[in-house]
Amino acid sequence: MKKIVIIGAVGGGATAAGQLRFYNPDVQVVVFDRDSTMSYAACGTPYVIGDVIEDEQSIVLTNPEKFKKKRDIDVKLRHEVKEIDRDAKKVIVHNLETGEQFEESYDALILAPGGSAIMPKIEGIHSSKVFTLRNFEDMQRIDRFIKNEKPKSCVVSGGGFIGLEMAENLKNLGLDVSLVHRSPAIMSILDTDISLMIEKELALQDVKLLTGTEMIKTEGKTITLSNGIELQADFIIMSVGLRPNTELAVKAGLKIGETGGIQTNEFMQTDDPSIYAIGDASENFDMVTGDPKRVPLASPAHRQAFIAARHILGDKIAKKGLLGTSVLKIFSLTAAMTGLNEKTIKDKKLESATITHHGISNAGYYPDHSKITLKVHYNPHTRKILGAQCIGGKGVDKRIDVIVTAIYGGLTIDDLQALELCYAPPYSSPKDPINMVGYKAINDQ
Ligand code: FAD
């Protein structure tokens, strides 16, 4: 019987295990995770802290007992894989509860070790009032702190997805929130004009934003920034980025790519064909440019888990590459993007043109409608879509999802006018913003 060992039992790892069993009842699957919770929705953790989700257990999708009973898969939590012996095809595992060390052999190994929150070297950073949010236990620590200590203020360091989601949730709990971000504009994956719209929303919601500066010291309640400003806060959330967990792969001599992730091919295989890497720790390639790319988000982790599992079982379904599709809720706004942004297009010196459409989500005479800005970058010669961004109230996510599908299907910017999208006044208009971008592109030729 073929034996597959998986390292990591959350986004990518648990999904790969489930897929292996779904498509083959006869393989043996063993999963190790050093944490004490498996298969939880990390994406839901800011909303548990913000009390939007009242029951923290509702984001835990299963546990080892249920997984064993339902899928006959062994998940061993609090077990850390210390080493991969590629010649002998086995891993060395440390039981963190008993201290016991043992070996587990494999025919195929899937690495889904995720990433770790980056902690910059700042004076005072190791205080009990400085938190990161990476896993279920981090969430519980922050949640307990808020409930027990009843803090009044927080500094969030880092204006990416997690920082912004935390800023919103903490503000909604009634805290004074300051958001510190090192670059001149928050959410660096977005074009600056779109980021600025988010910054406006933060100002409207009374979140104090400090860009172009960073924390250099924290002592007691005082946080000193590189521009000399001092802030006062009861606690700090550090959300300055994610470092892929590649230690095991490095030690095993697997190839690490230029983005810092474990390099993989279109079947998620590393340079050792028996070892696969998926999720936040893996590097794959950009669907538009073919360049190395790493997207530490849940959707790619799930797609990659499917591809790796099917490949291990003998089915060659190649990954088409990564787009980096993502969406963010920030108070009343939604911002979403896919593919290349302006900065990448410029850095790679790609030929591009842009159509920006300022419209509305659905019929203007219908009471519940909101403004929408849809911006699409395309190659002016091949007319192929390079990327898109959208911001506004409702319906932002579906416009980006349509563009994602268009990119996957190889449609041109001009094809967008022809799409027969669903319409009724509460949802859209007969000339949807997607169609409007297509009309404008044809007009611009
Ligand atoms: P993980 O899910 O992080 O799992 C890795 C596991 O491997 C961990 O449990 C770790 O303990 C374990 N591990 C590591 N090394 C070892 C070892 N040596 N031995 C044993 N176990 C090991 N994505 C979105 O698409 N949308 C969102 O809205 C979103 N929101 C998020 C909000 C937060 C607060 C966070 C933290 C993440 C969010 N993400 C979101 C990202 C998403 O959760 C991750 O991309 C996804 O979980 C990645 O899956 P993974 O399997 O690569 O890693």
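Mentor: Let us begin with a term: helices, of at least four residues, and strands, of at least two, are DSSP runs numbered from the N terminus. With that in hand, residues 2–305 can be described as 26% helix and 29% strand, with end C-alpha atoms 18 Å apart. Please keep in mind that this is a predicted model.

Trainee: Which UniProt annotation covers residues 2–305?

Mentor: The unreviewed UniProt entry annotates this span as "domain: FAD/NAD(P)-binding". The entry also lists residues 329–428 as "domain: Pyridine nucleotide-disulphide oxidoreductase dimerisation". Over residues 329–428 the chain is 19% helix and 33% strand, and the end C-alpha atoms lie 20 Å apart.

Trainee: What pLDDT does the protein average?

Mentor: The average pLDDT is 97, and 100% of the residues score at least 70. For the model, the ipTM is 0.99 and the pTM is 0.97.

Trainee: How many residues surround the ligand, and which are the closest?

Mentor: The shell holds 33 residues, and the closest are Gly8, Val10, Gly11, Gly114 and Gly279. By class, 17 residues of the shell are nonpolar, ten are polar and six are charged.

Trainee: Which helices and strands each supply at least two residues of that shell?

Mentor: The helices are α1 (11–23), α2 (45–49) and α8 (298–312), and the strands are β2 (28–33) and β4 (79–85). In terms of domains, the shell draws at least three residues from each of domain 1 and domain 2.

Trainee: Let us turn to single residues. Where does serine 39 lie, and is it buried or exposed?

Mentor: Burial is judged by counting neighbours: 20 or more other C-beta atoms within 10 Å make a residue buried, and 12 or fewer make it exposed. Serine 39 lies in the loop between β2 and α2. Serine 39 counts as buried because it has 23 C-beta neighbours inside 10 Å. Its phi is near 45°, a positive value in a residue other than glycine.

Trainee: What is the phi of arginine 383?

Mentor: Arginine 383 has a positive phi of about 70°, although it is not a glycine. This residue belongs to the loop between β25 (371–378) and β26 (385–392). Its count is 16 other C-beta atoms within 10 Å, so arginine 383 is partly exposed.

Trainee: Why does aspartate 291 count as exposed?

Mentor: Aspartate 291 counts as exposed because it has 12 C-beta neighbours inside 10 Å. Aspartate 291 is found in the loop between β20 (282–285) and β21 (292–293).

Trainee: Which residues does aspartate 291 touch, not counting those up to four places away in sequence?

Mentor: With those set aside, aspartate 291 touches Phe285 and Asp286. Distance along the chain and distance in space may also be set side by side: aspartate 291 and leucine 322 are 31 residues apart in sequence and 9.8 Å apart in space, C-alpha to C-alpha.

Key
Residues numbered from 1 in each chain as written. Predicted model: local features only at pLDDT ≥ 70, side-chain atom pairs only at ≥ 80, totals over all residues. Near = placed C-beta within 6 Å. Nonpolar A, V, L, I, M, F, W, Y, C, P; charged D, E, K, R; others polar. Domains from an automatic or database assignment. pLDDT = per-residue confidence, 0-100. UniProt positions renumbered as here; feature names shortened; annotations may be inferred. Contact = placed C-beta atoms within 7 Å.
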